[in-house]
Amino acid sequence: MEITKLTALELGRKIQAGEISVEEAVRTQLDMIREREGEYHCYITVLEEEALACAKKVQEGIRTGEYTSPLAGVPIAVKDNICTEGIRTTCASKILENFKPPYNATVVKKLDAAGMIVLGKTNMDEFAMGSTTETSYFGATKNPRDITRVPGGSSGGSAAAVAAGEAFLALGSDTGGSIRQPSAFCGVVGIKPTYGTVSRYGLIAYASSLDQIGPIGKDVADCAAMLSVIAGGDIKDSTSVQQKEFSYLGALADDISGMRIGIPRGYLGKGLDDEVRSAVLSAADLLRKRGAMVEEFDLEAVDYAIPAYYVIACAEASSNLSRYDGVKYGFRTEDYEGLEEMYRRTRTEGFGEETKRRMMIGAFVLSSGYYDAYYNKALKVKAVIKRGFDRAFEKYDLILGPTAPTTALKLGENLSDPLKMYLGDIYTVSVNLAGLPAISLPCGRDKAGLPVGLQLIGKPFGEREILRAAYCFEQSIK
C-alpha cells in the first residue's frame with residue numbers, strides 16, 4: 001500500500017486503527033517532498049524536525065484519547081501568509097524573508113488541537129498578489145500536471161503540494177479566487193468559505209474585507225473534514241461569526257433531488273475556452289440527470305466584477321502594506337540617509353513588481369481627487385453585485401459555472417500582461433465581493449490533458465449545500 005495514494009480521511013482512519021503510525025505517515029510524506037520538491041517547488045520552508053517531533057506527540061495523544069478528530073495524525077501544508085509561531089512566515093516576499101511571528105494564527109491553533117501535522121509553509125504569489133505563483137521572491141511553483149504550466153495562484157504552492165502528493169491537505173487563502181483557481185489548474189478540490197466562517201486572525205492581510213482562509217484537498221470529503229476543523233467564531237477576529245461548532249461531513253449525501261441550480265449566461269459567453277465550456281455544461285447535464293433542476297439565467301452586474309474587485313482590493317492592499325517600512329520588523333535597506341529615504345529604498349528593494357503595481361493603484365484610487373470616481377464607485381458596484389446574488393438565490397439553491405476561463409497557462413505567459421492575468425479571475429472575484437461560499441472541483445480535462453475546474457457558489461453560510469452537490473457530482477464520475 002502506498003500511503004501517499006490515500007485520501008486524508010482514509011489515512012486518518014488507518015492511523016486511528018493502528019494500521020499506520022503517525023511517524024510512518026510523516027516520514028513517507030517527507031520522503032516524497034525530498035523526491036519531488038526540486039521539480040515542483042511547492043514549499044518555501046519544510047519543517048522536517050518539527051513535523052517528526054509533533055508526530056510522536058500526536059501518536060501518544062491518539063493512544064490516550066486526546067486526539068479524536070478524523071484527521072488526527074494527517075500531514076498537511078500551510079500557505080506562507082498564515083502566521084506560525086517561531087517559524088518563518090514570508091508571504092513569498094523579500095521584505096519578510098526572515099520574519100518569524102511570535103504567535104500562531106487561530107487556524108494553526110485549531111490544526112494543532114486536532115492533531116494535524118504541519119509539514120511546511122507553501123509557496124505563493126508575493127503577498128497573495130497574483131494568479132500564477134510566479135511573483136514569489138523565492139521562485140515560481142510548477143504545475144504537477146504539466147511542469148511547463150503554472151499551478152495558478154496565489155495559493156499555487158498549496159494546490160500543487162496536494163496534487164503532487166507532497167501533502168494530504170493544505171490551507172490556502174482566497175481574496176479573489178486564490179484557492180479555487182489553483183485548485184482548478186492542479187485538478188484538486190478547494191473551498192472558499194463564507195466571509196466570517198473561518199478566523200482571519202494571523203492571516204497576513206492583502207484585502208481585509210475579501211480575504212478568507214480555506215482548505216485544499218484531494219476530494220470533497222477531505223475538504224469538508226478540514227473545514228470542520230478550522231471553522232468557527234474567534235474573539236480575536238471581530239468579523240468572524242460567533243458559532244462554536246461547524247460540522248460539514250454530515251452534508252455529504254449522494255442525493256441532490258429537487259436542488260435548483262442556476263448558470264449565469266454571462267459565465268458561458270465570450271472569453272471562455274470552448275473545452276472548458278463543454279466540460280462545465282457536461283457537468284451541469286450530469287447534475288440534471290441526478291435530479292437537480294438546472295437552467296440558465298442573467299446575473300446582475302457580473303460584467304463589472306473585475307474592475308470593482310481590483311479597485312477595492314488594491315485600495316485595501318495599499319493601506320495594509322504600509323506597515324512594511326523597515327522600522328518595526330522585516331527587511332531594512334542598508335544604504336540610506338534619513339528616514340524618508342529609508343522608507344523609500346526599503347520598499348523599493350523589498351517589494352516585487354506586481355506588489356508595487358497594486359499598492360500604487362490602491363494609493364491612486366484612494367487619493368483625494370479620485371476617491372469618489374474610483375473607490376467609492378467600486379463600493380457601490382460591490383453592493384449591486386451582492387444584490388444580484390441575493391436575487392438569484394431567491395430562485396436557486398446554487399450557482400454553477402467555470403472556475404477559470406482557461407486551463408493552466410504556460411509559465412511566463414501572463415507576467416508581461418497584467419491585465420490578462422486580472423481577467424483570469426472573472427468567475428471568482430464576485431464571490432469574494434459578495435462574501436459567499438464557493439467550491440472548485442475537477443470536472444474533466446482538455447485535449448492537452450489539463451484539468452478543468454467546476455465552480456459551485458452557495459448562499460451565505462450555504463457550505464453544506466455546495467458540499468452536497470459537489471460530493472454528488474464527484475461520486476457520479478468516479
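## Pockets, cavities and local geometry

The lining of the largest pocket consists of ten nonpolar, three polar and eight charged residues. The model is predicted. That pocket holds about 470 Å³ of space. It is lined by 21 residues, and the closest to its centre are Arg145, Ala163, Gly187, Val188 and Lys218. Four elements each supply at least two lining residues: helix H2 (22-40), helix H5 (156-163), strand E10 (438-445) and helix H15 (463-477). E10 has the largest share, with three residues.

**The chain as a whole**

The chain has 15 helices and eleven strands. Its radius of gyration is 21 Å, close to the 23 Å that the globule rule gives for 478 residues, so the chain is as compact as a globular protein of that length. The C-alpha trace spans about 65 × 55 × 45 Å along its principal axes. Of the 478 residues, 60% count as buried. Among contacts with a separation of 6 or more, 75% link residues 24 or more positions apart.

**Closed cavities**

How many cavities of 30 Å³ or more are there? The count is two. The table sets them side by side.

| Cavity | Volume | Lining by class |
|---|---|---|
| Largest cavity | about 70 Å³ | four nonpolar, six polar, two charged residues |
| Second largest cavity | about 40 Å³ | six nonpolar, four polar, no charged residues |

The lining of the largest cavity includes Gly153, Gly176, Gly177 and Ser178. Three tyrosines also line this cavity: Tyr206, Tyr309 and Tyr310. Arg358 and Asp425 belong to the lining as well.

The second largest cavity is lined by residues from separate parts of the sequence, among them Ala184, Phe185, Val276, Thr403 and Pro451. Helix H6 (180-186) and strand E11 (451-458) each give at least two lining residues. E11 gives the most, with three.

**Asn432, a buried polar side chain**

Asn432 lies in helix H14 (residues 429-434). Is Asn432 buried or exposed? Its relative accessible area is 3%, so Asn432 is buried. One is with Asp174, at 3.1 Å. The other is with Arg180, at 2.7 Å. Neighbours within four places in sequence aside, Asn432 is in contact with Asp174, Thr175, Gly176, Gly177, Arg180, Lys192 and Leu210. Gly176 and Gly177 also line the largest cavity.

**Arg445 in strand E10**

Arg445 is found in strand E10, which also contributes to the lining of the largest pocket. A polar atom of its side chain lies 2.5 Å from the backbone oxygen of Gly449. Beyond four places in sequence, Arg445 is in contact with Leu450, Pro451 and Val452. Pro451 and Val452 also line the second largest cavity. Arg445 and Glu275 are 170 residues apart in sequence, yet 8.1 Å apart in space, C-alpha to C-alpha.

**Helix H4 and its cover**

Which residues of H4 are buried? In this helix (residues 106-113), they are Thr106, Val107, Val108 and Leu111. Their cover includes strand E2 (75-79), strand E4 (169-174), strand E6 (212-217) and helix H7 (220-230). Just after H4, Gly115 takes a positive phi of about 85 degrees.

**Backbone exceptions**

Most residues other than glycine have a negative phi, and most peptide bonds are trans.

A cis peptide bond joins Gly153 and Ser154, with omega at about 5 degrees. Ser154 lies in the loop between strand E3 (117-122) and H5. Gly153 is one of the residues that line the largest cavity.

Thr133 lies in the loop between E3 and H5. Thr133 is not a glycine, yet its phi is positive, about 60 degrees. Its relative accessible area is 0%, so Thr133 is buried.

His41 is in the loop between H2 and strand E1 (43-46). His41 has a positive phi of about 55 degrees, although it is not a glycine. With a relative accessible area of 21%, His41 is partly exposed.

Terms used. Residues are numbered from 1 along each chain as its sequence is written. This is a predicted model: local features need pLDDT of at least 70, side-chain atom pairs count only at pLDDT 80 or more; totals for chains, interfaces and linings use all residues. Side-chain values use heavy atoms; hydrogens and water are left out. Buried means under 20% relative accessible area, exposed over 50%, partly exposed in between (1.4 Å probe, protein chains only). A polar contact is a pair of N or O atoms within 3.5 Å; within protein, one must be able to donate a hydrogen and the other to accept it, and residues adjacent in sequence count only if both atoms are side-chain atoms. Contact means heavy atoms within 4.5 Å. On a 1 Å grid over the protein atoms alone, a cavity is a set of points where a 1.4 Å probe fits but cannot get out, and a pocket is an open set with protein on both sides within 12 Å along at least five of seven lines; lining residues have an atom within 4 Å of a point. Grid points are joined across faces, edges and corners, and a volume is the space filled by probe spheres set on the points. Ala, Val, Leu, Ile, Met, Phe, Trp, Tyr, Cys and Pro count as nonpolar, Asp, Glu, Lys and Arg as charged, and the others, Gly among them, as polar. The radius of gyration is taken over C-alpha atoms; the globule rule is 2.2 Å times the number of residues to the power 0.38.
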